[in-house]
There are 4 protein chains.
Amino acid sequence: MIIVLKKGATKKELNKVVEFIKNQGLKVHISKGAERTIIGAVGDVRRLDEDHLRSLHFVEKVMRVLKPFKLASREFHPDNTIIDINGIKIGGREIVVIAGPCAIESEEQLMKTAKAVKSAGAKVLRASAFKPRTSPYDFQGLGIEGLELLAKVKKKFNIAVETEVMDPRLVETVVDYVDIVRIGARNMQNFDLLKEVGKIRKPVILKNGIASTMQEFLMAAEYIMNEGNAKVILCNRGVRTFEPEMRFPLNIGLIALLKKESHLPVIIDPSHSMGRPDLIPPICKAAIAAGADGIIVEVHYNPEQALCDGPQALTPVVFKRMMAELKPIAGAVGRAF
Amino acid sequence: MIIVLKKGATKKELNKVVEFIKNQGLKVHISKGAERTIIGAVGDVRRLDEDHLRSLHFVEKVMRVLKPFKLASREFHPDNTIIDINGIKIGGREIVVIAGPCAIESEEQLMKTAKAVKSAGAKVLRASAFKPRTSPYDFQGLGIEGLELLAKVKKKFNIAVETEVMDPRLVETVVDYVDIVRIGARNMQNFDLLKEVGKIRKPVILKNGIASTMQEFLMAAEYIMNEGNAKVILCNRGVRTFEPEMRFPLNIGLIALLKKESHLPVIIDPSHSMGRPDLIPPICKAAIAAGADGIIVEVHYNPEQALCDGPQALTPVVFKRMMAELKPIAGAVGRAF
Amino acid sequence: MIIVLKKGATKKELNKVVEFIKNQGLKVHISKGAERTIIGAVGDVRRLDEDHLRSLHFVEKVMRVLKPFKLASREFHPDNTIIDINGIKIGGREIVVIAGPCAIESEEQLMKTAKAVKSAGAKVLRASAFKPRTSPYDFQGLGIEGLELLAKVKKKFNIAVETEVMDPRLVETVVDYVDIVRIGARNMQNFDLLKEVGKIRKPVILKNGIASTMQEFLMAAEYIMNEGNAKVILCNRGVRTFEPEMRFPLNIGLIALLKKESHLPVIIDPSHSMGRPDLIPPICKAAIAAGADGIIVEVHYNPEQALCDGPQALTPVVFKRMMAELKPIAGAVGRAF
Amino acid sequence: MIIVLKKGATKKELNKVVEFIKNQGLKVHISKGAERTIIGAVGDVRRLDEDHLRSLHFVEKVMRVLKPFKLASREFHPDNTIIDINGIKIGGREIVVIAGPCAIESEEQLMKTAKAVKSAGAKVLRASAFKPRTSPYDFQGLGIEGLELLAKVKKKFNIAVETEVMDPRLVETVVDYVDIVRIGARNMQNFDLLKEVGKIRKPVILKNGIASTMQEFLMAAEYIMNEGNAKVILCNRGVRTFEPEMRFPLNIGLIALLKKESHLPVIIDPSHSMGRPDLIPPICKAAIAAGADGIIVEVHYNPEQALCDGPQALTPVVFKRMMAELKPIAGAVGRAF
């Protein structure tokens, strides 16, 4: 960490900083310029309080050289993390597709969709029993009843299943029904929830917040990993911008950056980011070409009657066609599909 | 609600929409243009599923005319909501200042700060026992021990107190210790938490999310109010932008807009938005001039040693000076202070 | 266009709107609801003044159904525009790569780079003689001298060349030296410059502004086309967001959207968007997978000594490797390379 | 400037940097940590090429300590710049209001509005003869004819006048007709235009770009000042965000920050930022409370018939009322009005 003192800082003030750093067991390097003094703190500065130093009135700037995340960093864990779910490997050579309806609506809906997505090549069925909705007047999901339907479908079709969890009180319950739990964008910094899913031993899909930075995203993963659960799947679901034509434009460069900075698998959610089915196939192709490890996409056998997010779901027919189109892209970047 | 059909939509498709609307007990008005047909749905369309209509492949556009929030809207409740906390009235003629440290650190810290802010004119002491921190390695707050210190200070100085609640499991506990509970920006769409504070009967300060729209902000208030708690105080804490010089630039126009669209009191948080003490007094003056009902600001008797967010806290001396400067502004807009 | 009157608008006010629309030679459809009256204007509403209608105090909302751009729209021109530059076809089946240094620095630099990029498969050499720099103290380009070097290299290597034009007074001069002129992001809404390049008969690469919407982008193309120059190449160069790790995150979905809404060729600028070489190959792969027609990328044989934007340039070695990696992606989406 | 070398950088690489810095006549300070070496460049680093250093593959980070602007900085010019226009002083104790129609439409319009705004206390009449319009099909202004009307009104009412200039070829012409020229948001980085207005000797109102940072804004002012024109008035006109309810939310903190970092006068444009008249009075009050030196606001005697931006103009009646309301705010912050 580098601390730049303001012009005219006194020797006493310099010492105050030096002492503070040394008290944390770190070494100090001082560089005196004609106008400003620069102090370097050397050692494991991860726990050094940047904010405290910044608050000193004679400090001009404080700059971190090291990244604040550790468990999630590739520096700490050079090899790719490959998460194994009964033989489905996320983060390995194979691209994994997770597909299904936004919300669980009925047994018939779930059965039909599960059959369709499995036959088209999806390895995991997604479906929410608890729905975060902007309006309290909108459909909030079937709850536990939905989870039971999910378990039934899982058994019948022998397909892995995943669902969202929003409430820390329900983590223990939800985890029994599914193979993967999902944390949505609105809860990326719901730290009590992150800690709770950090205590389970099943994989967690973590979506980025709609205005989170890469660093905040990895720090949220760090919360989960710090509790002992290293099976985190990062999901790029786009961010809010000023563009009215798309819901949450997806920063494709972030896929490559996350793969570089972290060892965790990276997938994308084209449905919530684009918010319109016509842009889903091209964005999925782009993601795979850029190095994504998978996709979580909404498929509904009758989008026109979906109880939530209908307009952004693919029909099984379009999904199947897209799966066929993704295959050669995966091949072109040396991935299996 | 207005539904525009695509060029070439058939009569059968038109009827599909008409029926759907009528089935919800609404009236339909049809306007046929040379190229496109436009359908108006008339009546209480609040529960009409916009998403469903949008998902129909022959629908070009769906537009809401009415706002989706009701309980929080001024249309529904034309008079200002004035929240009374043992005689302190938020939302009335008087500007209310809430001040205190970011986090509760010790009894001494809390006592000193409470004394300082009260004597400078603050009506409520703010202090967090549970801290949402981006890093799991940062100080997370004193927890219940902190709440007990808060209760002690409340009694000793006869000052109202408020604190943040992050975990729905702790709402019941926290509410016993304080006069106001606070929902932070990260939890604006933590719907299970919103429902939980909707069940209590104490006022709730609701901060906007760092990338939330005005409408989403009022819909979050609607969640709380829909559970029966109408005592919501909206807190404008700024949004994330590309400007590196400030943490969360504050959209001052939003104060006036919220006061127009809603009857709820509106305050600002200058500390988390600006992130630097030098910009706090001017932004507070601006907020009061624009019609804000109050301010929640961080004051620490020793910002240099604060365990969190030190750099953005005012010292008691600066706070006192600011309070004196705010008085004439309040007078200039016909408010008491 | 749809005009919604406010609750309580009088018959006289309704007539005012009706007359205004009819005076523009358009038809009117009126739909009276229980609370609100909705007016539809039918015909060629492109020149109907939306702002005027919005300014009427008894009007609640004005909504356009048709897009405001015409010449640039696919509706108007269903087939892809293919721009032919001495046999190089942009917008056709082949992916076209434009490469070269940010700025023209010297004859040696230009010769070396031209040779390298041509041999790696680039079809056009890019290089700026006039540089838009944020600071007046930074290198501003070689000017006319640079253009002459460019012409020399063009002749020697028989390669098409392109350069940026910033000043409307220089358009006539610049156009003589190059095969394509480029309008940078800062000038996307420099309307006098757009009109000037609208008068030439050579292709124009138009970059989006750092905070422009898709519609504004296409309206800028419309300015050029409206003057008679239909050879516009849209260049997606990313937008400004809050993410500190990248300069201008690139919205890949915009490629697919532009291809859908417009018939113009779409390329990307990975160098200015990412601002770092490590993310350029993955973003280029993603762009081609998503349907881009080409790439304009910075290559410098010695990035460490580049006079501008050095850090974002590829070395010829990396460029060559990337070209090899892009080939299979192009094949996977049915494009030649 | 501080340069951090990557882990494992060699002594030879270190020397490369050291030499480069010394060659610019600067001093070097080296600080060797256990893992990384940090180099400080001391002296006038304003012209030191940050990009070059960043491009070295063994450099991890480059950080500027000093701001890149000089002429515009308060450090360089500690006292407020007060711009005198025939006795009207912008940047002094008095708040200056500039008002008038968006565009010049007719002599009658200009006369009526000039009379109204002058009698209400405006010191300068604003009106555009050249209009930057997003669509080529919209009204583009009266051009020279408009300037002549402006000159006529200036003489008749003895009021200072200002207008926008967009084309560098027209600066010389425009400057003869008006007391102040204005550079719009779209042209904040139209560097050829900036240089052109840097050569005149009349004041320039410079608006920020819709996505510019504070630093880029001051660098644009630096361009003008570097050509010899120190009479720059900074105009905060808001930035683009995701909020659909307002056109360009205005960051009020930026006013205070600009006043701190620069000696130039700061005004706001509430009309283009809010885009709706109801939010203009509160935002103007806020701006004055935060330290703004003036306001440039659109007033039209008949907004409903304005040829551009009608919806955002105040009527003379509302303008007069607002002027009365601003007076006590100015008094409350020690300013005259």
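Entry 1, terms and source. I took a nonpolar core to be a set of buried Ala, Val, Leu, Ile, Met, Phe, Trp, Tyr and Cys residues joined through C-beta atoms within 7 Å. A residue is buried if 20 or more other C-beta atoms lie within 10 Å of its own, exposed if 12 or fewer, and partly exposed in between, with C-beta atoms placed from the backbone. I noted that this is a predicted model, in which local features need pLDDT of at least 70, side-chain atom pairs count only at pLDDT 80 or more, and totals for chains, interfaces and linings use all residues. Residues are numbered from 1 along each chain as its sequence is written, and chains are lettered from A and ligands numbered from 1 in the order in which they are written.

I looked up the largest nonpolar core, which holds 419 residues. Which of them touch the most other members? They are A:Leu206, B:Leu206, C:Leu206 and D:Leu206. I then listed the contacts of A:Leu206, leaving aside neighbours within four places in sequence; among them are A:Ile183, A:Met188, A:Ala220, A:Ile224 and A:Leu234. Contact here means that the C-beta atoms of two residues, placed from the backbone, lie within 7 Å.

I found 11 helices and 14 strands in chain A. These are DSSP runs numbered from the N terminus, helices being H or I with at least four residues and strands E with at least two. The C-alpha atoms fill a box of roughly 75 × 45 × 40 Å along the principal axes. Of the 337 residues of chain A, 58% count as buried. For contacts in chain A between residues at least 6 apart in sequence, I noted that 66% join residues at least 24 apart.

Chain A is divided into domain 1 (2–63) and domain 2 (83–332), with bounds that come from an automatic or database domain assignment. The centres of the two domains, taken over C-alpha atoms, are separated by 44 Å.

I superposed chain B on chain A with a rotation of 180° and 0.0 Å of shift along its axis, at an RMSD of 0.1 Å. That is the relation of a two-fold axis. In chain B, the C-alpha of B:Ala211 is nearest the axis, 3.0 Å from it. The contact takes 38 residues from chain B and 38 residues from chain A. On the chain B side, H7(B) gives the most, with five residues. That side divides into 16 nonpolar, nine polar and 13 charged residues. Ala, Val, Leu, Ile, Met, Phe, Trp, Tyr, Cys and Pro count as nonpolar, Asp, Glu, Lys and Arg as charged, and the others, Gly among them, as polar.

Entry 6, chains A and C. I counted 33 residues from chain A and 33 residues from chain C in this contact. H10(A) gives the most to the chain A side, with six residues. By class, that side has 22 nonpolar, six polar and five charged residues.

I checked A:Asn158 and found phi near 50°, a positive value in a residue other than glycine. A:Asn158 lies in the loop between helix H4 (144–157) and strand E9 (160–164) of chain A. Is A:Asn158 buried or exposed? A:Asn158 counts as exposed, because it has 9 C-beta neighbours inside 10 Å.

Key. Copies are superposed by least squares on the C-alpha atoms of residues with pLDDT of at least 70 in both.
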